Amino acid sequence: MDSFLDSMIIVKYIEYNYIEEQLRKKCFEYIKSSNTKILISFIVKEELRRVILQRKKMYECVLRKIKNPTYEIDYTKTNFLNKGDAIFAQNIYSKLKEKNIIKLKKEFDSEIDFLNVSVALFLKNKVNEISIKKSDLDHFILSIVHEFIVDFADCRVLTSAMQMQQNRDIFFFVTADKHIDSGSYDFVENDLRLKNHKKPKLKNLLFEN
């Protein structure tokens, strides 16, 4: 079957080049072994851009705190970070605060450049089709999905996948997101209000052995 990928799958696939962690390995091997079409929506494409901007902003916060330890990493003062990102940035600071700041900035810049280039190449060489913009989202489907899945960004991605699913053979919706487990997805699949809508088959690598 073809595969619709969420942004986390793509990022972890790319990151496996320098972080050989188990979940990243799953994502890497899934995409590497795929011999069918890879689909995404423009919403996923935008999420990829946002992930890189989040990473860049976290690193800027870390560098700023190394320069000035009294600086507080406050996610409420930026459009790109959430509470979890701020905690992650604080943890990075704790681990790296003794490093040379000039060298560390070069390492951070190099990683961001790598992500930008790798995402562009992935979109060019791996993705077979991009469809469904934010303005195309079916708000009826979106509202129902949001009843069962808390994270609104995840709801938009899943809704775009469901819209792409119509009028084509069933494909996998591939994710590694904790918010979209088989339980919550079962409710979406079985909701009578969506009985006339085809749904992709969920494949969450986070929960697979």
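The largest pocket has a volume of about 1300 Å³. The structure is a predicted model, in which local features need pLDDT of at least 70 and side-chain atom pairs count only at pLDDT 80 or more, while totals for chains, interfaces and linings use all residues. Residues are numbered from 1 along each chain as its sequence is written, and side-chain values use heavy atoms, with hydrogens and water left out.

A pocket here is an open set of points on a 1 Å grid over the protein atoms alone, where a 1.4 Å probe fits, with protein on both sides within 12 Å along at least five of seven lines; lining residues have an atom within 4 Å of a point. Points are joined across faces, edges and corners, and the volume is the space filled by probe spheres set on them. Of the 41 residues lining the largest pocket, Met8, Val51, Gln54, Asn82 and Asp85 are the closest to its centre. Two or more lining residues come from each of helices H1 (7-15), H2 (22-33), H3 (42-67), H4 (83-96) and H7 (152-165), and from S4. Helices (H or I, at least four residues) and strands (E, at least two) are DSSP runs, numbered from the N terminus. By class, this lining has 19 nonpolar, eight polar and 14 charged residues. Ala, Val, Leu, Ile, Met, Phe, Trp, Tyr, Cys and Pro count as nonpolar, Asp, Glu, Lys and Arg as charged, and the others, Gly among them, as polar.

The second largest pocket holds about 160 Å³ of space. Its lining includes Lys57, Cys61, Arg64 and Tyr71, and divides into four nonpolar, one polar and six charged residues. Cys61 counts as buried because its relative accessibility is 5%, where buried means under 20% and exposed over 50% (1.4 Å probe, protein chains only). Cys155 is also buried, at 0%. The structure holds zero disulfides (pairs of cysteine sulfur atoms within 2.5 Å).

Strand S4 (residues 172-175) runs parallel to strand S5 (residues 201-204), joined by four bridges; strands pair if DSSP finds at least two bridges between them. Thr175 has Asn204 in S5 as its bridge partner.

Ile132 has a positive phi near 65° and sits in the loop between strand S3 (129-131) and helix H6 (139-148); Ile132 is buried, at 13% relative accessible area. Asn167, with a positive phi of about 65°, lies in the loop between H7 and S4 and is exposed, at 82%.
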